Amino acid sequence: MNSRPARRRIAVAAATAVLAAGTFALGAGVAGADAGSRAGKHAKPVTKAQVLGLFDNWNAALQTGDPKEVADLYAKDAVLLPTVSNQVRTDRAEIVDYFEHFLRNKPAGTKVESVVNVLDRDTVIDTGVYEFALTDHATGEKSTVKARYTYAYEKQPNGTWLIVNHHSSKMPQG
């Protein structure tokens, strides 16, 4: 008895099943991405200028000196990896706590370099380098901290953009 044709049929059937499953998964993923857009299919894509303006809003919130106002710009489940703290902040109370300390130094941010990636109508990433002018709250001494940053923003169902991930780290001394 020759088992070659049987093996060939099994191999072809398996390959067809794998191809069909992959095609279904791809189709479901594409359909899900289209149907899942919170902004709807008629929403205009966000522009680079609008994304850069999100930092300006954040920086303006810093200028208020109110840590809760700054924290309002972060999503409920946002993650903050801050510049001058070793603690990862994963909820509103921890984010407020960080800014209570950071704002004592009267930070004023300036972007040095920025790269914006629009992932879809509801998700953008702004990555680059910024500097903070700081004033030590105890001594009044002024300093500048240069840092790398990444902000990931998501558009909320009400149309506002919130930070879902913010990473900032001091530039290495070179």
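## Exercises on a predicted protein model

Pro172 is found in the segment that follows S5. The model is a predicted one, and the exercises below begin with this residue.

**Exercise 1.** Determine whether Pro172 is buried or exposed, and state how far Pro172 lies from Lys146 in sequence and in space.

*Solution.* 
Step 1. The relative accessible area of Pro172 is 56%. Exposed means over 50%, so Pro172 is exposed.
Step 2. Along the sequence, Pro172 and Lys146 are 26 residues apart. In space, their C-alpha atoms are 9.1 Å apart.

**Exercise 2.** Describe the overall arrangement of helices and strands in the protein.

*Solution.* 
Step 1. The protein contains 4 helices and 5 strands.
Step 2. Along the sequence, these elements follow the pattern α-α-α-β-α-β-β-β-β.
Step 3. The protein has 174 residues, of which 32% count as buried.
Step 4. Consider the contacts with a separation of 6 or more: residues 24 or more positions apart account for 52% of them.

**Exercise 3.** Classify the ring pair formed by Trp58 and Tyr151, and state which elements the pair ties together.

*Solution.* 
Step 1. The structure has 16 aromatic pairs. In the pair of Trp58 and Tyr151, the ring centres are 5.6 Å apart and the planes stand at 70°.
Step 2. Planes over 60 degrees apart count as edge-to-face, so the pair of Trp58 and Tyr151 is edge-to-face.
Step 3. Trp58 belongs to helix H2 (residues 48-64) and Tyr151 to strand S4 (residues 142-155), so the pair ties together parts that are 93 residues apart in sequence.
Step 4. Both Trp58 and Tyr151 are buried.

**Exercise 4.** Carry out the corresponding analysis for Tyr74 and Phe99.

*Solution.* 
Step 1. The ring centres of Tyr74 and Phe99 are 6.0 Å apart, with their planes at 45°.
Step 2. Planes under 30 degrees apart count as stacked and those over 60 as edge-to-face.
Step 3. Tyr74 and Phe99 are both buried.
Step 4. Ring pairs also link residues into a cluster, whose members include Trp58, Tyr74, Phe99 and Tyr151.

**Exercise 5.** Identify which residues touch the most other members of the largest nonpolar core, and list the contacts of Trp58.

*Solution.* 
Step 1. The core has 34 residues; Trp58, Val70, Tyr74, Phe99 and Tyr151 touch the most other members.
Step 2. The elements giving two or more residues to this core are H2, helix H3 (67-71), S1, H4, S3, S4 and S5.
Step 3. With neighbours within four places in sequence left aside, the contacts of Trp58 are Val70, Leu73, Tyr74, Phe99, Phe132, Tyr151, Ile163 and His166.

**Exercise 6.** Characterise the largest cavity by its volume and its lining.

*Solution.* 
Step 1. There is 1 cavity of 30 Å³ or more in the structure, and the largest cavity holds about 50 Å³ of space.
Step 2. Among the lining residues are Trp58, Tyr98, Phe99, Phe102 and His166.
Step 3. H4, strand S3 (123-135) and strand S5 (161-170) each give two or more residues to the lining. The largest share, 3 residues, comes from H4.
Step 4. By class, the lining has 8 nonpolar, 3 polar and no charged residues.

**Exercise 7.** Compare the accessibility of Lys106, Thr135 and Ser143.

*Solution.* 
Step 1. Lys106 lies in the loop between H4 and strand S2 (108-120). Its relative accessible area is 59%, so Lys106 is exposed. The phi angle of Lys106 is near 45°, a positive value in a residue other than glycine.
Step 2. Thr135 is in strand S3. Buried means under 20%; Thr135, at 18% relative accessibility, is therefore buried. Beyond its neighbours within four places in sequence, Thr135 has contacts that include Arg104, Lys106 and Glu141.
Step 3. Ser143 is in strand S4. Its relative accessible area is 36%, so Ser143 is partly exposed. Not counting residues up to four places away in sequence, Ser143 touches Phe132, Ala133 and Leu134.

Notes:
Residues are numbered from 1 along each chain as its sequence is written. This is a predicted model: local features need pLDDT of at least 70, side-chain atom pairs count only at pLDDT 80 or more; totals for chains, interfaces and linings use all residues. Side-chain values use heavy atoms; hydrogens and water are left out. Rings of Phe, Tyr and Trp (its six-membered ring) pair if their centres lie within 6.5 Å; planes under 30 degrees apart count as stacked, over 60 as edge-to-face and the rest as tilted. Buried means under 20% relative accessible area, exposed over 50%, partly exposed in between (1.4 Å probe, protein chains only). On a 1 Å grid over the protein atoms alone, a cavity is a set of points where a 1.4 Å probe fits but cannot get out, and a pocket is an open set with protein on both sides within 12 Å along at least five of seven lines; lining residues have an atom within 4 Å of a point. Grid points are joined across faces, edges and corners, and a volume is the space filled by probe spheres set on the points. Ala, Val, Leu, Ile, Met, Phe, Trp, Tyr, Cys and Pro count as nonpolar, Asp, Glu, Lys and Arg as charged, and the others, Gly among them, as polar. A nonpolar core is a set of buried Ala, Val, Leu, Ile, Met, Phe, Trp, Tyr and Cys residues joined through side-chain atoms within 4.5 Å. Contact means heavy atoms within 4.5 Å.
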